[in-house]
Amino acid sequence: MIQLYVRAGCPYCKKVETAAAEMGLVEGSDFELVDAAPNTPGREVVLKTGGKGMVPFLIDGEISMYESADIIDYLKAKK
Ligand SMILES: N[C@@H](CCC(=O)N[C@@H](CS)C(=O)NCC(=O)O)C(=O)O
């Protein structure tokens with residue numbers, strides 16, 4: 001399943017979450033939200049996979065990306 005790494009208080013994360021909801025995507029069945037606040041296991045995955053401590057971050061199998069606009073485009077295309 002697509003994993004979307006986010007943290008509380010991140011407007012770019014909220015933008016992606018809102019866009020996903022507007023597309024009709026459902027958390028838990030279409031994608032999984034993972035807390036990637038500093039000092040969490042989710043943040044470790046983001047750093048290890050993408051090399052930067054930045055959210056939102058999407059992982060879908062071998063594909064990963066940081067930019068919220070890219071993530072939204074990816075979700076739209078994949079839908
Ligand atoms: N251009 C990026 C900006 C992402 C961004 O600035 N994210 C902030 C949080 S809103 C961030 O990761 N800051 C570092 C941190 O949270 O540790 C996008 O549109 O996704």
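Reader: Which residues of α1 are buried?

Author: Cys13, Val16 and Ala20. Buried means 20 or more other C-beta atoms within 10 Å of the residue's own, exposed means 12 or fewer, and partly exposed lies in between, with C-beta atoms placed from the backbone. This is a predicted model: local features need pLDDT of at least 70, side-chain atom pairs count only at pLDDT 80 or more, and totals for chains, interfaces and linings use all residues. Residues are numbered from 1 along each chain as its sequence is written.

Reader: Which exposed residues does the face turned away carry?

Author: Pro11, Thr18, Ala21 and Glu22.

Reader: What covers the buried residues of α1?

Author: The cover includes β1, β2 and α3 (68-78). Contact means C-beta atoms, placed from the backbone, within 7 Å. Helices (H or I, at least four residues) and strands (E, at least two) are DSSP runs, numbered from the N terminus.

Reader: What follows α1?

Author: Gly24, with a positive phi near 85°.

Reader: What is the strand order in the open sheet?

Author: Strands pair if DSSP finds at least two bridges between them. The order is β2-β1-β3-β4, with mixed pairing. The edge strands, β2 (31-35) and β4 (63-65), each pair on one side only. β1 (residues 2-6) and β3 (residues 57-60) are antiparallel over 3 bridges. Leu4 stands opposite Leu58 in β3.

Conventions: Contact = placed C-beta atoms within 7 Å.
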